[in-house]
Amino acid sequence: MSHTAAPIGVLDSGIGGFSVVRQVQRLLPGEDLLYFGDGAHIPYGNHRAETIAALAGYMFRFMEAREVKALLVACNTISCVLDRREEGLSCPVFSAVQAGAAAAARLEAEKIGVISTVFTHESQIYPRKILALSPRKVVVLSCGCPDLARLVEHSLGDPAGMARVEENLRLELDHMVLEDRVDCCVLGCTHYPLVSDSIRRLYPGLPLIDPAEEMARSLKNYLDREGLSNPRRGSGTLTVYTTGDVAEYALRARQVGLERVAGVEFYPPMEVSKGRPVDARFPEDRRTEHESAAQQKRD
């Protein structure tokens, strides 16, 4: 049973979900947040579906063990395989894709662009959901970007790196914006809002849809409706866990303006061999198994 003081979980393939945390901290400053970024396996969009589902399940179990009262799946790629992995969770799950599609469908736009990872693009989940939700006849153009999330992950604050990010943005977006003339663009990967200033500079006047804003609003509505909002008068904290580089995550959290970071901690990654999951259990599970085997030897 969830309670008001329980934390809110946010998970992502890397630092992209910081864009979601930023919106939640702005809208719900009293809530405690737990963040899990699987930096060891980025970019998710280049993995097989079965591997993505297993990696998601690994993070879901992490959040379930910490009894979060709501889980925000910031990673759009994971959102594509949610139906495979959300069984058994005791809290509601908020999907980045559902949020982005709902926000796009409400706009009075005739031609909607979507940029995302290759996996999300190939799933065609955004066009299907936008067309299903829109009360009007719209055209949805989708573009899969194989390198953009990785470039954003490792380039924030680095002028040379950001130059590569903007070069990649032009490569992926020029055709959609300058030739197809989309009316707006859905940022279908949570890494992309972290470089929204660059996108706006390259394409002035192009409306951008950030699913993070919709996710934060939906979360607030749910907590208010269910009486689960944290009643504290002070501010909540953010604890970050990553399978990647702890120092880099701490730096990126500061760079994107996250507040009240209580700590950044390393968490062992799930093992993946040749693109396939090896063992999706928790490190604690494996340790118990090894201890049992050692005990049997002693006996």
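**Entry 1: the end of helix α2.** I began just after α2, where E67 takes a positive phi of about 55°. I note here that the model is predicted. Next I looked back along the helix itself. Helix α2 covers residues 49–65, 17 residues in total. From its first C-alpha to its last it reaches 24 Å, close to the 24 Å expected at 1.5 Å a residue.

**Entry 2: how covered is α2?** I checked burial along the helix. Of the 17 residues of α2, 12 are buried, so the helix is largely enclosed by the rest of the structure. I listed some of them: T51, I52, L55, Y58, F60 and F62 are among the buried residues. The buried set also includes A53, A54, A56, G57, M59 and M63.

**Entry 3: R66 and its rings.** I looked for charges over rings. The charged end of R66 sits over the ring of F62, 3.7 Å from the ring centre. R66 also lies over the face of Y241, at 5.9 Å from that ring centre. F62 and Y241 turn up together again: they belong to one aromatic cluster with F36, Y58 and Y267.

**Entry 4: aromatic pairs.** I counted the pairs and got eight. I took F18 and Y35 as one example. Their rings form a tilted pair, 4.8 Å centre to centre, with 50° between the planes. F18 lies in helix α1 (residues 18–27) and Y35 in strand β2 (residues 33–37), so this pair ties together parts that are 17 residues apart in sequence. Both F18 and Y35 are buried.

Then I turned to F36 and Y267. Their ring centres are 5.7 Å apart and their planes are at 65°, so I logged the pair as edge-to-face. F36 lies in β2, while Y267 lies in the loop between β10 (261–266) and β11 (271–273), so the pair ties together parts 231 residues apart in sequence. F36 and Y267 are both buried.

**Entry 5: the sheet.** In what order do the six strands of the open sheet run? I read the order as β4-β3-β1-β2-β9-β10, with parallel pairing. The edges are β4 (93–95) and β10; each has a single partner strand, so one side of each is left without a neighbour in the sheet. Neighbouring strands are turned by 15° against each other on average, direction ignored.

I followed two of the pairings. Strand β1 (residues 8–12) pairs with β2 in the parallel sense over five bridges. There I8 stands opposite L33 in β2. Strand β9 (residues 238–242) pairs with β10, also in the parallel sense, over five bridges. There T239 stands opposite G263 in β10.

Entry 6: Five of the five residues of β2 are buried. I sorted them by direction. L33, Y35 and G37 point one way, and L34 and F36 point the other way.

**Entry 7: cysteines.** How many disulfides does the structure hold? I found zero. The closest cysteine sulfur to that of C80 is in C75, 8.2 Å away, which is too far for a bond. C185 is in no disulfide either; its nearest cysteine sulfur, that of C184, is 7.5 Å away. I also checked whether C185 is covered: it is buried, with a relative accessible area of 1%.

Key: Residues numbered from 1 in each chain as written. Predicted model: local features only at pLDDT ≥ 70, side-chain atom pairs only at ≥ 80, totals over all residues. Heavy atoms only, no water. Helix = DSSP H or I, 4+ residues; strand = E, 2+ residues; numbered from the N terminus. Expected span 1.5 Å × (residues − 1). Buried < 20%, exposed > 50% of the residue type's maximum accessible area, 1.4 Å probe, protein only. Phe/Tyr/Trp six-rings, centres within 6.5 Å; stacked < 30°, edge-to-face > 60°. Lys NZ or Arg CZ within 6 Å of the ring centre and 35° of its normal. Disulfide = S-S within 2.5 Å. Pairing = 2+ DSSP bridges. Axes fitted to C-alpha atoms, helices over the stretch in contact; angles between N-to-C directions.
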